[in-house]
Amino acid sequence: MTDEIKKRSLFQDGLDNNEMTNAEIINKRRVINGYDDGLMQISPLKHPWAYEIFELMIKNTWVPGEVPLQQDVNMWNDPKALSDNERRVYSRSLAFVSNLDGLQTNNLACNIIRHLTSPEVILSVTRQTYEEALHVQSYATLVEALALDPEEIYGLYRKDQGLYEKNKSVLKAVSKISDMSFETGTFKTDQMFLEACIGNVILEGIYFYSAFMVFYVLRRNNKMPGSAEMIQFINRDEDLHCMLFTHITNTIRKEQPELWTEEFQAQVIQNFKEAVEMEYQWGASCINEGILGLTPDLLHEYLQFVADYRMAALGLPKQYNAKNPFPWVDEYTQGNMIEVNFFEGTVREYQSGSLEW
Ligand SMILES: [Fe+2]
Ligand SMILES: [Fe+2]
């Protein structure tokens, strides 16, 4: 079935042989392996959720240069404002998230977009790619504002075994489909692509979270508030990215149910469990015995709670039944797992409609 409709272009058929109506073209649309004319005609929509997420992304438009950082600069330059451990944890967390967003920008641009055949899904993943680039810029803004040594941030993965290993495993997860000869359209490669989409849910929805917690814990103790605000904006974007890839996964599953075998589900659950452990190991290596109430045990529980939530959204059984040990974090994450509009108040001014450019 998939071979028959895979990436056929109207331009391959010749004008005379083309009797498909617009409705027929749209009905043949799939997230992958669909009928793709390459012309991005998004009205009417086959996958309205993708366009809704695209619109939400635009509403969330913000730029790093507008986040006030003067208090952070003052604190960073005041030897008494932060302990050595807090500075170390801050730098390591910044190093990791900057690596992760850099990697994700390339992953979407090079590995994911080229296989999508739904124009509205392409639209939203393209916007996501831009947002990842914006996150790369955000970390550079922090590095410059605080006059951090770029070698200590961007170069850390070359010196730090833990960060090197973590980046290596994240890259390994996305590199399964990174070969330029990889194509969807067979049972095996479609399963590989689906696993890569779930890898995106893991990347967006789990890997960032120990670092995010560090910035929120500091903020809760009145330290580095501008950095935490920057992270809140990034976190809000990542939530939509996670939602987007959850929809992508669930829709491919609906369009090609044969891919969702018992064996595949077991593999996905295993991937989630490994991600939780890897994130925990990394987080624990950052905070050592703990920082401002954030201990390795609580971090572990929090990551398990987050993973359960992500798996449930993919229709998979919860593995941990963990409780959220940091219910206060919803204030900072706009309650991404609970419908609370935290950003009401702060973000409105960042929404494109009310911004003066
Ligand atoms: Fe990002
Ligand atoms: Fe993201």
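Visitor: Does Ala147 count as buried or exposed, and why?
Guide: Exposed, because Ala147 has 9 C-beta neighbours inside 10 Å. The cut-offs: buried takes 20 or more other C-beta atoms within 10 Å of a residue's own, exposed takes 12 or fewer, and partly exposed is in between, with C-beta atoms placed from the backbone.

Visitor: What kind of model, and how is it numbered?
Guide: This is a predicted model, where local features need pLDDT of at least 70, side-chain atom pairs count only at pLDDT 80 or more, and totals for chains, interfaces and linings use all residues. Residues are numbered from 1 along each chain as its sequence is written, while chains are lettered from A and ligands numbered from 1 in the order in which they are written.

Visitor: Where does Ala147 lie?
Guide: In the loop between helix 7 (119-145) and helix 8 (150-153). Its phi is positive, near 50 degrees, and Ala147 is not a glycine. Helices here are DSSP runs of H or I with at least four residues, strands are runs of E with at least two, and numbering starts at the N terminus.

Visitor: What about the phi of Asn33?
Guide: Positive, about 60 degrees, and again not a glycine. Asn33 sits in the loop between helix 3 and helix 4. Asn33 counts as buried because it has 25 C-beta neighbours inside 10 Å.

Visitor: Which peptide bond is cis?
Guide: The one from Ser43 to Pro44, with omega near 0 degrees. Pro44 is in the loop between helix 3 (22-27) and helix 4 (48-59).

Visitor: Zooming out. How many helices and strands?
Guide: 15 helices and 0 strands. Of the 357 residues, 42% are buried.

Visitor: Which residues have the most contacts inside the largest nonpolar core?
Guide: Ile206, Met213, Val214 and Leu303, in a core of 87 residues. Such a core is a set of buried Ala, Val, Leu, Ile, Met, Phe, Trp, Tyr and Cys residues joined through C-beta atoms within 7 Å. Helix 12 gives the most to this core, 12 residues.

Visitor: And what is Leu303 in contact with?
Guide: Beyond neighbours within four places in sequence, Leu303 touches Ile206, Tyr209, Ser210, Val276, Glu279 and Tyr280. Contact means C-beta atoms, placed from the backbone, within 7 Å.

Visitor: Helix 11 and helix 12: at what angle do the axes cross?
Guide: Roughly 140 degrees, and the axes come within 9 Å. Axes are lines fitted to C-alpha atoms, for helices over the stretch in contact, with angles from 0 to 180 degrees between N-to-C directions. The pair is therefore oblique. On the scale used, under 35 degrees is roughly parallel, over 145 roughly antiparallel, 65 to 115 roughly perpendicular, and the rest oblique.

Visitor: Which residues meet there?
Guide: Phe212, Phe215, Tyr216, Leu218 and Arg219 from helix 11 meet Pro225, Ser227, Ala228, Ile231 and Asn235 from helix 12.

Visitor: How do helix 6 and helix 13 pack?
Guide: At about 150 degrees, with axes 9 Å apart. That makes helix 6 roughly antiparallel to helix 13. Val89, Arg92, Ser93 and Phe96 of helix 6 contact Trp282, Cys286 and Ile287 of helix 13.

Visitor: Last one. At what angle do helix 6 and helix 7 cross?
Guide: Roughly 155 degrees, with axes within 9 Å. Helix 6 is thus roughly antiparallel to helix 7. Among the residues that meet are Leu94 and Val97 in helix 6, and Val125 and Leu142 in helix 7.

Note on methods: Contact = placed C-beta atoms within 7 Å.
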